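Open the model in a viewer and keep the selection panel at hand.

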Amino acid sequence: MMVNRELRVQKIRDGVVIDHLRAGTALKILEMLGITGKEGYIITIAMNVPSQKLGTKDIIKIEGRYLSPSEVSKIALIAPRATLNIIKDYQVMKKERLTLPDEIVGIIRCSNPTCITNHEPQIQSKFRVVSREPLKIKCEYCETVMGQEEIAKRLS
Ligand code: CTP
Ligand code: ZN
C-alpha cells in the first residue's frame with residue numbers, strides 16, 4: 001500500500017495552481033506575469049519536484065489571484081503543456097490543459113526592428129507557429145522567425 005509520507009506543498013483555498021511546468025521555469029513564468037512578491041499574494045513555488053508525467057516539474061500556486069486570458073496565452077508560450085487549475089473553496093473548479101494556438105495575435109513583439117508591426121501602433125503583431133518542439137514562430141508581416149529565447153524576451 002502506498003503511504004503518502006509527506007505533503008510537500010499545502011493545498012490552497014482560492015486561487016490558481018499552474019502545474020506541470022517544465023522543471024526550472026517557475027521563476028521565469030512569475031517574472032513574465034509581473035509578479036514580484038511585493039504585491040502581497042501568498043505564493044508557493046515548488047521547483048524540481050518529482051512528477052509521474054514529466055520526471056520533474058515546477059508548480060506555482062497563487063492565492064487570491066486569477067489570470068487574464070492574455071496572461072494564460074503568455075504562459076502557454078513558455079510552458080505549452082502546463083495545466084491551469086482554478087481553485088475555489090479548496091476544490092478544483094476548472095482544469096485547463098494549455099495548448100499553443102496555430103496563430104498568435106498581439107502578445108509578442110517582432111524581433112525585426114524594421115517590421116511594420118514595430119512602427120504602426122494600429123497593426124497587431126501576428127505570428128504563425130512553424131515548429132512546436134523546439135518552438136519556432138514566423139512573423140506574418142516580415143517572415144522573421146523567432147525561437148523560444150527570443151519569444152520570452154519579447155512578450156508585451
Ligand atoms: N491543488 C491545490 N489546492 C487545492 C486543490 C488542488 O493546491 N485546494 C493543487 C494540487 O496540489 C495539484 C493541482 O492543484 O498540484 C491539481 O489538483 P488535482 O486536480 O487534484 O490533482 P491531479 O489530479 O494530480 O491533477 P492532474 O491530473 O492535472 O495532474
Ligand atoms: Zn515582423
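Four donors count as tetrahedral if all angles lie between 85 and 135 degrees. Keep that cut-off in mind for the first stop in this predicted model.

**Stop 1: the metal site.** Select the zinc ion (ligand 2) and show the side chains around it. The SG atoms of Cys110, Cys115, Cys139 and Cys142 are its protein donors, at 2.3 to 2.4 Å. The angles that these four donor atoms subtend around the zinc ion (ligand 2) run from 99 to 115 degrees, so the arrangement is tetrahedral. For reference, the ideal angle for four tetrahedral donors is 109.5 degrees.

**Stop 2: the donors along the chain.** Colour the donor residues of the zinc ion (ligand 2) and follow their spacing in sequence, which reads C-x4-C-x23-C-x2-C. Cys110 sits in the loop between strand E6 (103–105) and strand E7 (126–132), while Cys139 belongs to strand E8 (residues 135–139); the pair therefore ties together parts 29 residues apart in sequence. Are Cys110 and Cys139 buried or exposed? Both Cys110 and Cys139 are buried.

**Stop 3: the two domains.** Now colour residues 15–97 as domain 1 and 103–153 as domain 2. Their C-alpha centres are 24 Å apart.

**Stop 4: the interface.** Select the contacts between the domains: six residues of domain 1 touch nine of domain 2. Between domain 1 and domain 2 an area of about 630 Å² is buried, with 65% of it from carbon and sulfur atoms. How many salt bridges cross the interface of domain 1 and domain 2? There are two.

**Stop 5: a salt bridge.** Finish by selecting Lys28 and Glu149, which form a salt bridge with their closest N and O atoms 3.7 Å apart.

Notes
Residues are numbered from 1 along each chain as its sequence is written. Chains are lettered from A and ligands numbered from 1 in the order in which they are written. This is a predicted model: local features need pLDDT of at least 70, side-chain atom pairs count only at pLDDT 80 or more; totals for chains, interfaces and linings use all residues. Side-chain values use heavy atoms; hydrogens and water are left out. Donors are N, O and S atoms within 2.8 Å of the metal (3.2 Å for Na, K and Ca); water is not among the atoms, so sites may look incomplete. Four donors count as tetrahedral if all angles lie between 85 and 135 degrees; four count as square planar and six as octahedral if opposite donors are over 155 degrees apart and all others between 65 and 115; anything else is irregular. Helices (H or I, at least four residues) and strands (E, at least two) are DSSP runs, numbered from the N terminus. Buried means under 20% relative accessible area, exposed over 50%, partly exposed in between (1.4 Å probe, protein chains only). Domain bounds come from an automatic or database domain assignment. Contact means heavy atoms within 4.5 Å. Buried area is the accessible area (1.4 Å probe) that two parts lose on being put together, summed over both. A salt bridge is a side-chain nitrogen of Lys or Arg within 4 Å of a carboxyl oxygen of Asp or Glu.
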